Amino acid sequence: ICRQGLAAIPNYKELESPGVASLIHETARAYFFNDMPDKALPLCQHALDLARRLGLVEVQAETLATLGVLPNQSSEDALQALLQAVELSESAGLLASVVRAHTNLGTHLQNIGEYISAREHLMRSREVAHQLGIPDWEHTMLANVVDICFLLGDLVYIQTVVAELNELRSEE
């Protein structure tokens, strides 16, 4: 659908509008989820540049969150993009973007062995998901935290998280 949208705007690379910036980013994100990171990267870069020029904080935060998970980025570039996504989304109060940014940052940190920091970001993501009233997101974050706690050998923390998971389950 996103590719059809871009195809319907043959000169999208020259246009500067919030809708075009968002469409470019969503197309990049779709490429990522369809295992085409080489096509996602230039679109993310274009969307980010455009969003910066237009002052579109949400598109910037979302694009940075996508850049941070692209496998064709260096670990350091991914980390910097994710840290910026967290900062932008938190400062602008963009709660859904906050969840996504912290989730992606937590996953990245887990992948590079920074388990305690990863756990902190996933718990922040869970907290905001709770504010948004999205128990599915909360469950996912808590399950990821349990995995990290196993890696850390932190059985006490696991008990706390499992209790929270049970509480979520009883609320459903």
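**Group meeting talk: salt bridges and the core**

Let me start with Glu16, which counts as partly exposed, since its relative accessibility is 44%. Before I go on, please keep in mind that this is a predicted model.

So what does Glu16 pair with? Its side chain meets that of Arg53 in a salt bridge, at 2.9 Å from N to O. Glu16 sits in the loop between helix H1 (2-7) and helix H2 (18-33), while Arg53 belongs to helix H3, so this pair ties together parts that are 37 residues apart in sequence.

How many salt bridges does the structure hold? There are 9, and I'd like to show you two others.

Take Arg29 and Glu62: they form a salt bridge whose closest N and O atoms are 3.0 Å apart. This pair also links distant parts of the chain, with Arg29 in helix H2 and Glu62 in helix H4 (residues 57-67), 33 residues apart. Are these two partners buried or exposed? Arg29 has a relative accessible area of 22%, so it is partly exposed. Glu62, at 13%, falls under the 20% limit and is therefore buried.

Now over to Arg124 and Glu127, where the closest N and O atoms of the salt bridge are 2.4 Å apart. Here both residues lie in helix H7 (residues 115-132), 3 residues apart, which is about one turn of the helix. Both are partly exposed: Arg124 has a relative accessible area of 22%, and Glu127 has 41%. Coming back to Arg29 and Glu62, salt bridges with shared partners join them with Glu26 and Arg100 into one network.

In soluble globular proteins, nonpolar side chains tend to be buried together. In this model, the largest nonpolar core has 44 residues, and Ile24 and Leu67 have the most contacts inside it. Which helix gives the largest share of this core? That is helix H3 (residues 37-54), with 8 residues.

If you have the structure open, please click on Ile24. Leaving aside neighbours within four places in sequence, Ile24 is in contact with Leu6, Tyr12, Leu43, His46, Ala47 and Leu50.

One last stop: Thr103, in helix H6 (residues 95-111). Thr103 counts as buried because its relative accessibility is 14%, below the cut-off of 20%. And what does Thr103 touch? Not counting residues up to four places away in sequence, the answer is Leu122, Ser125 and Met141.

How values were computed
Residues are numbered from 1 along each chain as its sequence is written. This is a predicted model: local features need pLDDT of at least 70, side-chain atom pairs count only at pLDDT 80 or more; totals for chains, interfaces and linings use all residues. Side-chain values use heavy atoms; hydrogens and water are left out. Helices (H or I, at least four residues) and strands (E, at least two) are DSSP runs, numbered from the N terminus. Buried means under 20% relative accessible area, exposed over 50%, partly exposed in between (1.4 Å probe, protein chains only). Contact means heavy atoms within 4.5 Å. A nonpolar core is a set of buried Ala, Val, Leu, Ile, Met, Phe, Trp, Tyr and Cys residues joined through side-chain atoms within 4.5 Å. A salt bridge is a side-chain nitrogen of Lys or Arg within 4 Å of a carboxyl oxygen of Asp or Glu.
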